[in-house]
Every structure is written in structure tokens, then in C-alpha cells.
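Let's take a walk through this one together, strand by strand and helix by helix. Have the 3D view open and turn it as you read.

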Amino acid sequence: MMVSALHSMVDRTRVYDFMIPKITDELDLSHGTILYLEGISVSFDGFKAINDLNLYIDAGELRCIIGPNGAGKTTMMDVITGKTQPDVGSCWFGQRMNLLRMSEAEIAEAGIGRKFQKPTVFENHSVFENLELAMACNKKVFPTLFARLSGEQRDHIDEVVETIGLSEQLKTEAGYLSHGQKQWLEIGMLLMQKPKLLLVDEPVAGMTHQEMDRTAELLKTLAGNQSVIVVEHDMDFVRSLESPVTVLHQGSVLAEGSMESVQNDQRVIDVYLGGD
Amino acid sequence: MFIMKILNNDRGGQVMMSLLLVVMIAVPVMNLLVPETSFLHLSTYSVTLLGKYLTYALLAISVDLVWGYLGILSLGHGAFFALGGYAMGMYLMRQIGDRGVYGNPELPDFMVFLNYTELPWFWQGFDMFWFAAIMIVLVPGLLAFVFGWLAFRSRVTGVYLSIITQALTYALMLAFFRNEMGFGGNNGLTDFKDLLGFDLHADSTRIALFIASALALAFGYLASRAIVKSKLGRVAVAIRDAEDRTRFIGYRVEHVKLAVFTFSAALAGIAGALYVPQVGIINPGEFSPLNSIELVIWVAVGGRGTLYGAVAGAVLVNYAKTYFTGAFPEVWLFALGALFVLSTLYLPKGLVGIINRRSALS
């Protein structure tokens, strides 16, 4: 015991936690990669939700993540947004931001936006107010108390409303919107945060086909300026995004590549697409 | 100007403030100028009763602020009210000076009775009004801040939070019942003589206290309305409706809760401080969990999430209480219980909800 403790103390390759820098203001994309997940494992009461997961997302990339239920897709999102702490592994945003040492609010502020599976908009607020609340700005208590909208901010809201096609409903309480409209409003709220990385969880659940097409269109226009990670069950929708696909299975990456190559992968067919 | 801006788009608030202004002028006139034989004369007893309702209304606003807008059902707001009341009571005790039964210039009667030889450290300074005035806001505010910091940081929400607020006020009640605490134990603080040199039993002082209560209510309403109208108010409602979502957008939910909760406790403290000189006593009974539950009922009956609804609820329920406990004392608690059940079942938006629906239809 003693000896091994001593050994670990003199281990030159070990990086102590306090040596890892916590946060720098600027997102550093000098290597072209916006998100690094390395060796992540998460277990709940012995059940391994994520098992040695490695995933890299490039700046401006649109990436689809598919996988059967329980493959660890939502848990992965939880790790990235700071809701869940992994048992081991590292998670970096750009070159210099260590997401594991940041709070949920700090991560959101740093530029990672998340759209939940169930659309959660603020039902008692109007579309305009929803977007205003989501807007990137100083969100501490006192600045919020005395906040006034600047012309520039108003323009940004108008612009986003245009993008998500809800100009007509600007003053409508979000609770009265249709399911699809709520999904778009939520994407709009993400855009108000001017995120660098968007996490989109099942964006087309419960949408009609037209709504799905519009959503695909919207996500494709967003990629390039932002990196977008889409988690989705609907294979037709994933195909229509024409993006690289990562297949998760039992908490780790099973296959990665274009939709065609993934579809022809025998392991993928066995665990997932075989039943499709 | 500023007031008009705050009340812009707030019909209920405009009506309430106008009524308050009318009452503020009419009550002193009817008490002091109208001869006692006249049927329009208002007795000093009634003035005090109305003043008491106004302090309750301010307390109700403080509860509505955290319950209606932030979704925190506090079942311990009576504690902040009582602490403000005790701070005022301590000042009033020191004002008695050597006019007490035992004639000790330094120690209040109960301390002489309990064989205190000197004033406890926490009674120092309460002979000065400015010090007491600061404590009235500071003590409840500080308690709320520390309590809130611990509770919100651990993300205690919903029923669990309600239960620990209830436990907080209950624990304080038990503590204040003890003679060793140095707050008069069971009997509390009473026998007050004067406030800032004015005789508390004089009609003019009663009127002044009534006007002070009305002004405090007006100030409390405007300040709360200003918060609710600000972006912070919209964030509060967002927290009430979808807390996690608000957190992911990047707001520090705990800080927002803490700020509003602390402000609300300070308001409750002011209400308590104005209540005590009007009723003439403060004792540990004010910490009773029942009181805190009752005041949640006022807000529910009036209509939560409107602020003026809380004012209406507090005044109406307390008027009913005064009437019932006089006419049919044994019925009151049943009536109160029935009121709560009925308003939750049939009036989810309270009395204000009916009026707003009527005016929306017409």
C-alpha cells in the first residue's frame, strides 16, 4: 500500500487536478476541433451508462448521433453540459476549456447550447420574451434587474424570429404554440445565446413531414457558423441531414462515418438498424 | 412620473393604489375631524384594526413575491414578520425606561423579574431608533440570506423546501419561548409606552402609524412591482415554470432565488415592525407555523402572482376573521379551512381571477 502510494506520488506522467487550467475567456479553435470527449465513463449504481467514450467534433461540423435506447446519448449530453460528472475521462471545449470543472451556467455562457428532448419553453412568456430571456448578455442578478433592451439586441431577436419563422406569433404566449412551433422556438432560444456548439436532442419528435423538412433545412443552415450535434431516432430525418453519423452502443462508439457506410456496417446492422 | 411608469399596464395595481390613497386621506379625517356622535366617525379601535390589515397586506405581498413569481411556497414567512416585530418590540421596550413596574432605567421588567443583572449584548443599541430600524430589515434579511443560501445551493425545492421553512419558524418559536433566550419568553414583549417620544395610546400616534403602514404598503407594492416588471421578474417566472431550462440558458437560478427571497423577508420584517406598535405586543406565538400557513391562504384566496390580489386577500380574509371570531368564534378555523379548499378547487386564480375574467369577457 505504502509503496504504491509513493509510486503514484513520484509518477512523472500524472497530471494533478490543480495543474489543469479551469477556464479561459476565449474559445480556442486553433486545431479545428471544438469538442473533445476522451475516455469518458459514467455509471449509475453500477450500471455503465457510458463506457470509455471517445468523440471529437470539428468546428462548424454537423454531426448526427444515433443509437438504440439506453446507448448513452442523453447521458453524453448531460456530461457535456455539466449536468452529470463522469467517473473518469476528460471533456474539453476547444483547446483550453475544461468542461468538467465548469458549472452548468458557465458552460452555457462559454457557448454550448442545448435543446432538450421534450420542448421546454417558458409557457407563460410570449415568444418575444422567451427569446429575450435566452439572449446572450450579462445574466447576473443586478444587471438583470436593471436590464434594458438595446437596438442591436432587438435586431438580433427580430433576425432569429425570422429564421425560425415565428414572426406572426411574436406576442403569443408560448403555451399556445403547436408542438412543432415550440421546437423551433426552442432552437431560436438556443440561437439567441450565440452558441458555438449546439446540442439538439430529438428535434423532430412529434413533427409532421413538412415540419421535419423545414427543421432539416434550418439545422443545415446553422452548421458552418456553429457546430451542431443532433441526436435523433428518425432515420429518414438523419438521412436528409446528409452529415457524418456516429453510432453509439452500450455507452461507447460502435461506428462512425457517412450514413451509407454506417448502414452497411455489419455490427451496426446487428444492434440497431437490423430491426429497422 | 416614476410611479406612473411602474403602474403602467397594471390595472389592478392602479385600482389598489387609488383605494389606498382614498383610505389614507379618509381614515384620519373620519377619526380626527368627524365628531364622535356622527355616524361617519371612525373609532380609534377601527383605525388600529385597519392599520393592522395594511401590515398584513404588506406581508402578503412579500409571500406572493416568492410564491406567485418564483414558485417557492414558503410556509415560514411568519418568522421574518415576527423577527421584524421583535426588533421593533426591543426598541419599544427600551423606550419604556424607568416607567416599568420595577422602575429599572436600564433593564426591561421581564429581565428584572428573571434576575438579569445587566443588559444582554444583543439588546445593546436598541435604545436608538435608527439602529432598531436597520435591524428590522437586516435581521430577517440576513436569516433569509443564510437559510436561502444553504437551501437553494443544495437545490432543495418544492414540498421539501416548504417543509424546512415550516421547520425554521417552528424552531424559532420554540427558541423564543425559552426565558434564557432573553426575549421575554412566553410573554414576549409588551407594555409599550411610546415611539420616538409619541404616546402610543394617543389617537394622533395611532393615525400616524396607520399612515406609515399605508405608505409602507405603497412602497412595498411599488418596489415589488418594479422587480416583477423588470427582466429579473421574467427570469423569476421562468424559474417558476421551468427551473432547469432557466439554468441551462445561463441564469444563476440560486442567486435569483436568494435575492428575491431576501428582499421578500426584509419586506416581511418591515410589516412586522409596523404591526407590533399597533397591536401592542409581540410574543413567540407570532412564529407559530399556523400563522405562516394562514398567510399563504390569504394569498391563495386573493389570487397569487398578481401582488394586488395578495393585498385584497389579506384584507378580506382578515376582515372576515375579525367578524367571525367576534360573532361565531368556534366557526372561524373551519371557515378558513373551507376557504382554502374552495379557493384551490374553484378559484385557482383567486378572487382577482374572477374579476379579471369578467372584465376580459366584457
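This is a predicted model: local features need pLDDT of at least 70, side-chain atom pairs count only at pLDDT 80 or more; totals for chains, interfaces and linings use all residues.

Six strands make an open sheet in the order β6-β7-β8-β3-β9-β10 (chain A), and their pairing is mixed. At the edges you'll find β6 (112-115) and β10 (252-257) of chain A, each pairing on one side only. Going from one strand to the next, the twist averages 20°.

Now zoom in on one pair within that sheet. Strands β3 (residues 62-66) and β9 (residues 245-249) of chain A run parallel, paired over 3 bridges. One bridge to pick out is that of Ile66(A), whose partner in β9(A) is Val247(A). Lying across β3, β6, β7 (197-201), β8 (227-231) and β9 of chain A is helix α2 (residues 73-80), which runs at about 150° to β7(A).

Next, step back along chain A to a hairpin. Here β1 (residues 33-44) and β2 (residues 47-58) of chain A pair in the antiparallel sense over 8 bridges. Thr33(A) has Asp58(A) as its bridge partner in β2(A). The hairpin has 2 residues between its strands, and Asp45(A) takes a positive phi near 50°.

On to a helix pair. Two packed helices are described by the angle between their axes and the distance between the axes. For α4 (residues 127-134) and α7 (residues 179-192) of chain A, the axes come within 7 Å and cross at roughly 35°. The crossing is right-handed. From α4(A) come Val127(A), Asn130(A), Leu131(A) and Ala134(A), which meet Leu185(A), Gly188(A), Met189(A) and Met192(A) of α7(A). Sorted by type, the residues of this contact are 6 nonpolar, 2 polar and no charged.

What about the place where the chains touch? The contact draws 20 residues from chain B and 21 residues from chain A. On the chain B side, α9 (231-241), α10 (243-249) and α11 (253-279) each supply at least two residues. The most come from α9(B), with 7 residues. That side of chain B splits into 11 nonpolar, 3 polar and 6 charged residues.

In soluble globular proteins, nonpolar side chains tend to be buried together. The largest nonpolar core here has 171 residues, and Ala57(B), Ala60(B), Ile61(B), Val311(B) and Ala314(B) touch the most other members. Its largest share, 17 residues, comes from α11(B). Leaving aside neighbours within four places in sequence, Ile61(B) contacts Gly220(B), Tyr221(B), Ser224(B), Leu267(B), Leu307(B), Ala310(B) and Val311(B).

Terms used:
Residues are numbered from 1 along each chain as its sequence is written. Chains are lettered from A and ligands numbered from 1 in the order in which they are written. Two residues are in contact if their C-beta atoms, placed from the backbone, lie within 7 Å. Helices (H or I, at least four residues) and strands (E, at least two) are DSSP runs, numbered from the N terminus. Ala, Val, Leu, Ile, Met, Phe, Trp, Tyr, Cys and Pro count as nonpolar, Asp, Glu, Lys and Arg as charged, and the others, Gly among them, as polar. A nonpolar core is a set of buried Ala, Val, Leu, Ile, Met, Phe, Trp, Tyr and Cys residues joined through C-beta atoms within 7 Å. A residue is buried if 20 or more other C-beta atoms lie within 10 Å of its own, exposed if 12 or fewer, and partly exposed in between; C-beta atoms are placed from the backbone. Axes are lines fitted to C-alpha atoms, for helices over the stretch in contact, and angles run from 0 to 180 degrees between N-to-C directions. A crossing is left-handed if the near helix is turned anticlockwise from the far one by less than a right angle, and right-handed if clockwise. Two strands pair if DSSP finds at least two bridges between them.
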